Amino acid sequence: MTLIRGRNLTIGYEGQGIVSGLSFSVNEGDYLCIVGENGSGKSTFVKTVLGLIEPLKGQVEYCGGLKKNEIGYLPQVSGIQRDFPSSVMEVVLSGCLNRHRRLFFYSREEKMRAVRELEKLGMESYASSSFQELSGGQQQRVLLARALMATEKLLFLDEPVSGLDIKTTSELYEMLRGLNAAGITVLMVTHDIHPVLNDSRTILHFSHNGYFFGPKDKYFESEAGKAFMKEAGHDN
């Protein structure tokens, strides 16, 4: 089942296209890695898929019962976000706000779900802790639980391991692997070759000369894939 579809899109800002002729689809259960050169359109693609900006041409369609406000989004984490003065539970519950009509009022069911998401990620004992006092890896787990509060279908992650050490990075990828196996569709913007090699099923590669979209095995046979592998030191 298709969850998101774009056909012949032109994406960009202020009438200036960055990528044109872009067609793609995200299917239920997919693990899509989005890679490519800096300034080639990855951030613009993220904002377009999330509905934060409109495509210059074409449209993004949400299918299979997925609504725009039901995408669980984990953005790149800034210092301001890391220093946010809230409890872990408050941060996780805030994942409901995008589809909430009554701001800052959470139902019993939502609170119970927040506990379940924290348990899923091994963070239930930190529910009353201050978010800003957690380690970087613990904060990322909490933010992942927050993203899961918004969705039962699809996670969109933007450079989720940026700034994390090797051990924490490996643990986060293992959690995402488990979520994907349980039926959550994963979209991830990444510079890291490991999820591309180990976990992805589909690749969307942006370059200043165009884009590649297709299965992982076809990607590694393409010029874009070969260039990415060479840059990452895996061209043998």
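**Close-up views of a helix pair and its sheet**

**View 1. Helices α5 and α6 make a right-handed crossing.** Right-handed here means that the near helix is turned clockwise from the far one by less than a right angle. This is a predicted model, where local features need pLDDT of at least 70, side-chain atom pairs count only at pLDDT 80 or more, and totals for chains, interfaces and linings use all residues. Residues are numbered from 1 along each chain as its sequence is written, and side-chain values use heavy atoms, without hydrogens or water. Helices (H or I, at least four residues) and strands (E, at least two) are DSSP runs, numbered from the N terminus.

**View 2. Here is how α5 (residues 136-149) meets α6 (residues 166-181).** Their axes come within 10 Å and cross at roughly 20°; axes are lines fitted to C-alpha atoms, for helices over the stretch in contact, and angles run from 0 to 180 degrees between N-to-C directions. That makes α5 roughly parallel to α6 (angles under 35 degrees count as such). Contact means heavy atoms within 4.5 Å, and the residues making it include Leu144 and Leu148 of α5 and Leu172 and Met175 of α6.

**View 3. Six strands form an open, mixed sheet in the order β5-β6-β7-β3-β8-β9.** Two strands pair if DSSP finds at least two bridges between them. At the edges, β5 (71-74) and β9 (210-215) each pair on one side only.

**View 4. Strands β3 (residues 31-36) and β7 (residues 185-189) pair in the parallel sense.** Four bridges join them, and Ile34 stands opposite Val189 in β7. Across β3, β6 and β7 lies α6, running at about 145° to β7.

Definitions and conventions: Angles under 35 degrees count as roughly parallel, over 145 as roughly antiparallel, 65 to 115 as roughly perpendicular and the rest as oblique.
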